[in-house]
Amino acid sequence: MTERALFGLPGQMHVQNAVEPVRGVPYGRSVMIKTGGPRTVGVPSSEARLRFESELQELGGGPRRRLLMVDDEPAFELSFYCGTCPLLFRRLETANEKLFLEDMRERLGGPLDDPDDDGVIEAFGALLPEGEYLPLLLDVEPRLVIPGKEGDYFSGEQITAWGVDQFWGLPQYPHTPYYRTFETAVDADAHLYEFVVPMVPPTWNERQRVEEYVALMKRGTVPTAVAISTLDVCQSALGLADDPAAHWGLTHFLLDGHHKLEAAATARRPVRLLSLLTLGESLAGTEDTARLPALRAQPRSARTTG
């Protein structure tokens, strides 16, 4: 189990976005606290508890899956490499581990003001594969989404861009509840959607710890969660969509903070999120990732068509 931190660098931002309903789901405030330039962190891939891999191609088999691995087991299937397939984060049967560092629990019990505080980067770097990462320090007020229910991206916004799966005749299914936190326009033909994905379902959380965080948050405490993140830019090429805009999927996979995110969603309170965006493993170009901090500091806006 893990909580992972990033690096805090120059460029501090304080942006308060108004609360507004997004497709019937009242997302709370979202604030960019701090970001900085890319930084190399991590350990050799063979020593990292979390890493990205491509599934080996079998003779006569389908396309290789892009995987997020935890402790050498496939934990999530991610968006395909083609860039025209739908955005995806699908929990797999072997996803049963959280990552956390017990000696970071007290330090992350309140708001982290700078990712470099108290050796956070050094503590978490040993869990991740060596590579280039972009730090994002955010305050988010998450809303828990159940696949197929109100606010589900896969049975809502994704359908307008890709339609249902051509084989199954159904929406994509992520096999996990997840949190929605933010969305905004990239331009007239592209939209950014942000998600926080727990490594294990909220039903696995300890009820007492969730309730303790709820009580703390109601008294004004803003604890810090940590995630490794991807930015996948996907656009349908089928020509069948009602709205063929590109979808920029900013997906934060929780390393530490499972109880905190559930508590924040329950209490409708903010939680600080320290995100380490992998640049080498995201399906986005250098210019796209360079735009992300400014996009993430924009006011929230839902996608409108017609």
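Hi everyone, let's begin with a pair of strands: β8 and strand β9, residues 89-91, pair in the antiparallel sense over three bridges. Strands here are DSSP runs of E with at least two residues, helices are runs of H or I with at least four, and both are numbered from the N terminus. Two strands pair if DSSP finds at least two bridges between them. Across this pairing, F76 stands opposite R91 in β9.

A word on the source: this is a predicted model, where local features need pLDDT of at least 70 and side-chain atom pairs count only at pLDDT 80 or more, while totals for chains, interfaces and linings use all residues. Residues are numbered from 1 along each chain as its sequence is written, and side-chain values use heavy atoms, leaving out hydrogens and water.

Now to the other partner of β8. Strand β7 (residues 66-70) runs antiparallel to β8 (residues 73-78), and five bridges join them. Here R66 stands opposite L78 in β8. The two strands form a hairpin with two residues between them, and D71 in the turn has a positive phi of about 50 degrees.

Next, please find S79, in the loop between β8 and β9. Is S79 buried or exposed? S79 counts as buried because its relative accessibility is 0%; the cut-offs are under 20% for buried, over 50% for exposed and partly exposed in between, with a 1.4 Å probe and protein chains only. The side chain of S79 reaches the backbone nitrogen of L88 at 2.9 Å. Leaving aside neighbours within four places in sequence, S79 is in contact (heavy atoms within 4.5 Å) with R66, P86, L87, L88, D232, C234 and L283.

A nonpolar core is a set of buried Ala, Val, Leu, Ile, Met, Phe, Trp, Tyr and Cys residues joined through side-chain atoms within 4.5 Å. The largest has 34 residues, and those touching the most other members are L192, L231, W248, L261, L273, L277 and L292. Helix α4, residues 258-267, gives the most to this core, with five residues. A second, separate core of 30 residues includes C234, along with L128, Y178 and F195.

Finally, the whole chain. The protein chain has five helices and 16 strands, and 54% of its 306 residues count as buried. Take the contacts between residues at least 6 apart in sequence: 77% of them join residues at least 24 apart.

Methods. A polar contact is a pair of N or O atoms within 3.5 Å; within protein, one must be able to donate a hydrogen and the other to accept it, and residues adjacent in sequence count only if both atoms are side-chain atoms.
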